[in-house]
Amino acid sequence: MAGKRKLAREDWADAALEALCDGGVAAIAVEPIAAKLGTTKGSFYWHFANRDALVEAAVRRWAEQDTEALITLLDGIADPERRLRELFELVFAGVDDERAELALLAHAGDPVIGPLLADVTARRVEFIVRCFREMDRPETEARHRGLLAYTAFIGLIQAQRASGGTLLSTAERPGYLEFLRGIITR
């Protein structure tokens, strides 16, 4: 017992997010996650009032890692056009590893996941729109370009999943990214 590491709330949230990726929202179950973490349900109740609180923590953890951390990183780039270029490179380069994104989108109707996913979507679109505004685009145009960029990302990961990853090969990705960037930013 002395060699065991004390689990943090984040450990549970990470394990719940992994369970969501592997089996959907139904896979976020306390006992299997406790077993995977090598602990008991008592550890869960130390950190969370109920399963919904764990689901919420998992989604918030994803939002922090996949949205807020990225926005913070990119906000360090003063030039909005370069900021967008870096954003495109980062998010479109990783479309093969979007399990959490896809799992959360599949459960957008869940009463816990849905509102949090809506907040993340709004935050992401607003960041992109802000970049276009800073490039002196009119408000409506900035909004349309931001929506186009975000829906191109979501659409690509959904279509890649539907095609078994064959719709856009790794070799084709840089050309597609350049094409897309040209359409969205011209």
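These legends describe close-up views of a predicted model. Residues are numbered from 1 along each chain as its sequence is written, and side-chain values use heavy atoms, with hydrogens and water left out. Local features need pLDDT of at least 70 and side-chain atom pairs count only at pLDDT 80 or more, while totals for chains, interfaces and linings use all residues.

View 1. A salt bridge is a side-chain nitrogen of Lys or Arg within 4 Å of a carboxyl oxygen of Asp or Glu. Side chains of opposite charge can pair when their charged atoms come close. Helices (H or I, at least four residues) are DSSP runs, numbered from the N terminus. Arg60 is partly exposed at 47% relative accessibility, and Glu56 is partly exposed at 32%. The terms follow relative accessible area with a 1.4 Å probe and protein chains only: buried is under 20%, exposed is over 50%, and partly exposed is in between.

**View 2. Glu89 and Arg181 meet in a salt bridge.** The N to O distance is 3.2 Å. This pair links distant parts of the chain, with Glu89 in helix H5 (residues 80-93) and Arg181 in helix H9 (residues 173-185), 92 residues apart. Arg181 is buried, with a relative accessible area of 6%, whereas Glu89 is partly exposed at 34%.

**View 3. Arg137 forms a salt bridge with Glu141.** Their closest N and O atoms are 2.8 Å apart. Arg137 counts as buried at 19% relative accessibility, and Glu141 counts as partly exposed at 26%. Elsewhere, salt bridges that share partners join Asp75, Arg83, Arg130 and Glu134 into one network. The count of salt bridges comes to 17.

**View 4. The largest pocket has a volume of about 530 Å³.** On a 1 Å grid over the protein atoms alone, a pocket is an open set of points where a 1.4 Å probe fits, with protein on both sides within 12 Å along at least five of seven lines. Lining residues have an atom within 4 Å of a point. Grid points are joined across faces, edges and corners, and the volume is the space filled by probe spheres set on the points. The lining has 28 residues, and Asp66, Val91, Glu98, Glu101 and Arg124 lie nearest the centre of the pocket. Two or more lining residues come from each of helix H1 (9-23), H4, H5, helix H6 (99-106), helix H7 (113-134) and helix H8 (139-162). H4 gives the most, with seven residues. By class, 17 lining residues are nonpolar, three are polar and eight are charged. Here Ala, Val, Leu, Ile, Met, Phe, Trp, Tyr, Cys and Pro count as nonpolar, Asp, Glu, Lys and Arg as charged, and the others, Gly among them, as polar.

**View 5. Leu148, Phe179 and Ile183 form a nonpolar patch on the surface.** Together they have about 270 Å² of accessible area, by the Shrake-Rupley method with a 1.4 Å probe. Such a patch joins nonpolar side chains (Val, Leu, Ile, Met, Phe, Trp, Tyr) within 5 Å, from residues with over 30% relative accessible area and no salt bridge. Phe179 lies in helix H9 and is exposed, with a relative accessible area of 53%.

Conventions:
Patch = residues over 30% accessible without salt bridge, like charges linked within 9 Å, V, L, I, M, F, W, Y side chains within 5 Å.
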